[in-house]
Amino acid sequence: MKSAWQISFSKENSVSDFAFEDKKTLDLLSIHSAILSNSNLKVPIAYRNFFLFKKAIRAPFIQRVNFPLDFPLDASILDVLQNSFRKGIFQSNIPIQGYHKLQEEVKPNFILHLNSAYESIFNNFKSDPRRVLRIIDKEKKFELKDIDFHTFDLFANQNINLQIPKSYRAISSFRILIEDTLENHKGLLKGVYFEESLVAVCFFKWVGDRLQFLLPVVNALGKKNYATSFLLHTIWQEYAKTNTVFDFSGSTMPSIAKFMKDFSPETEYYYSYSW
């Protein structure tokens, strides 16, 4: 039997436990969120207001709606969304059953389980990153430090890749979210220094046991000397032999996807519908 889905545009904050972090992120980013609900679940849907219509969007740092894996996600959910938003995108970690009106696009995301000794994780990397990391360890020219938002913001705005979607390039709009996660020990803000010069920055966000790799920015000197490899290498060493799942947060850019695949991550898939 199919569940009856509804959309509420109220300021209701009561959402399912698994969606609480998404709702908090939307609130801190000051993005409108409707509540999509049925008799079992309440999840936030991000949207933008335009003249005479609303558009469902994929909000920064929320890649998809994560439903319980055994949840019976049926086609009525998209009928309700299309009736509520003239245009939009909806992405979920599980496919929608029995839906043929919209083409389903399957997208990859890469994760690395850190629950074993780092030597074992390292040995699964491809030969090129292993070689680079051994050189980095031997030369000891890098240092990883905690940084404040001002340092992060200044560096990112000067060096961010313009191919990154525009909604992610306005770094200052993420200040409240980043500072809140740091204050509540749910985030990391890191700077990579090469011979005492800042060459890369990155924001990491905890969602349960999952550590999301967000907003990495590296300058030309950092790229030349493999600063991102050093950053990941150091973070993985710190969290090895824990329940941490490192989430690369996906990439549609082939060069970045190739870089991620060199570390032999697992691939998980999510499903995208747009109208």
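How many bridges join strand β6 to β12? There are 7 bridges between β6 (residues 105–113) and β12, and the two strands run antiparallel.

## Before we start

This is a predicted model, in which local features need pLDDT of at least 70 and side-chain atom pairs count only at pLDDT 80 or more, while totals for chains, interfaces and linings use all residues. Residues are numbered from 1 along each chain as its sequence is written, and side-chain values use heavy atoms, with hydrogens and water left out.

## The sheet

Strands of a sheet pair through backbone hydrogen bonds, either parallel or antiparallel. In this model, 8 strands make an open sheet with mixed pairing, in the order β5-β12-β6-β11-β10-β9-β8-β7. The names come from DSSP runs numbered from the N terminus: helices are H or I with at least four residues, and strands are E with at least two. Two strands count as paired if DSSP finds at least two bridges between them. At the edges sit β5 (89–92) and β7 (142–146), each pairing on one side only. On average, neighbouring strands are turned by 30° against each other, direction ignored. For such angles, axes are lines fitted to C-alpha atoms (for helices over the stretch in contact), and the angles run from 0 to 180 degrees between N-to-C directions.

Now follow strand β12 (residues 266–274).

Strands β8 (residues 187–194) and β9 (residues 197–207) pair in the antiparallel sense over 8 bridges. Here Tyr193 stands opposite Leu198 in β9. Helix α5 (residues 149–159) packs on the sheet and touches β8, β9 and β10 (210–218), where contact means heavy atoms within 4.5 Å. The direction of α5 makes about 115° with that of β9.

Rolling a probe the size of a water molecule over the atoms shows where empty space is left. The search uses a 1 Å grid over the protein atoms alone: a cavity is a set of points where a 1.4 Å probe fits but cannot get out, a pocket is an open set with protein on both sides within 12 Å along at least five of seven lines, and lining residues have an atom within 4 Å of a point. Grid points are joined across faces, edges and corners, and a volume is the space filled by probe spheres set on the points.

Across the whole structure, 2 cavities of 30 Å³ or more are found. The largest cavity has a volume of about 160 Å³. It is lined by 15 residues, and those closest to its centre are Ala46, Ile57, Arg58, Ile62 and Val65. The second largest cavity holds about 70 Å³, and its lining includes Glu21, Lys24 and Trp206. Helix α1 gives the largest share of that lining, 4 residues.

## An open pocket

What volume does the second largest pocket have? About 190 Å³ of space lies there. Among the residues lining this pocket are Asp128, Arg131, Tyr226 and Phe259. Two or more lining residues come from each of α4 (127–139) and α10 (254–261), with α4 giving the largest share, 4 residues.
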